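Subject: Structure for you to look at, with notes

Dear colleague,

I am passing on the structure below, together with some notes on what was found in it. Please look through it first and then read on.

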Amino acid sequence: MAKYKHHIFICQNTRESGHPRGCCNPENKSQLIKLFKESLTQYGLKDSVRANKSGCLDQCEHGPTVVIYPEAIWYGGVKEADVEEIVKSLSEGRTVERLQIKDSCINSASCEHRKEKLKNFRVHKM
Ligand code: FES
């Protein structure tokens, strides 16, 4: 079998309700892995692109989070309805800009979304 050209990592991390950072799979009912696998088959990519379940990718504020390597294309707020568009765009060598997480948010404590979520959590807890 040839090497995979891309790996799609789909965060499936679940945290307890009320956790300050939230999570990508709050009710542990995510269908994203299944849908990515189905879509890869539909687009004839199942032998060249692998959809992998992932733990926390440290982009919880943007979840559900998906990253595609080796390109390091980060997507946030991925819904079931977005899966086919992501796979189609990958097959065409494009990205889905509307879902991309800004570079300034990746692995950054200064991410505006992270700050906002933690601020709201603190206010909510008072
Ligand atoms: S829980 Fe999904 S990125 Fe952290």
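How does the radius of gyration of the chain compare with that of a compact globule of 126 residues? A compact globule with 126 residues would have a radius of gyration near 14 Å, and the chain has 15 Å, which agrees; the radius is taken over C-alpha atoms, and the globule rule is 2.2 Å times the number of residues to the power 0.38. Along its principal axes, the C-alpha trace spans about 55 × 30 × 25 Å.

Before the details, please keep in mind that this is a predicted model, in which local features need pLDDT of at least 70 and side-chain atom pairs count only at pLDDT 80 or more, while totals for chains, interfaces and linings use all residues. Residues are numbered from 1 along each chain as its sequence is written.

The chain has three helices and four strands, arranged along the sequence as β-α-β-β-β-α-α. Here helices (H or I, at least four residues) and strands (E, at least two) are DSSP runs, numbered from the N terminus.

Strand 3 takes part in two pairings, where a pairing requires that DSSP finds at least two bridges between the strands. With strand 1 it is antiparallel over four bridges, and H7 has Y69 in strand 3 as its bridge partner. With strand 4 strand 3 is also antiparallel, through three bridges, and V67 is bridged to W74 in strand 4. Strands 3 and 4 form a hairpin with three residues between them, and A72 in the turn has a positive phi of about 60 degrees.

Leaving aside neighbours within four places in sequence, I10 is in contact (C-beta atoms, placed from the backbone, within 7 Å) with residues including L32, I33, F36 and V66.

In helix 1, the buried residues are L32, L35, F36, S39 and L40. Seen down the axis they fall within an arc of 135 degrees, so they line one face of helix 1, the arc being that of the directions from the helix axis to the C-beta atoms. They are covered by elements including strand 1, strand 2 and helix 2. G44, which follows helix 1, has a positive phi near 70 degrees.

In helix 2 (residues 83-91), V83, I86, V87 and L90 are buried. Their arc is only 95 degrees around the axis, which puts them on the same side of helix 2, and they pack against strands 1, 2, 3 and 4 and helix 1. G93 follows helix 2 with a positive phi, near 75 degrees.

Finally, E80 lies in the loop between strand 4 and helix 2 and is partly exposed, with 13 other C-beta atoms within 10 Å. Leaving aside neighbours within four places in sequence, E80 is in contact with Q31, L32 and L35.

How values were computed
Buried ≥ 20, exposed ≤ 12 C-beta atoms within 10 Å, placed from the backbone. Contact = placed C-beta atoms within 7 Å.
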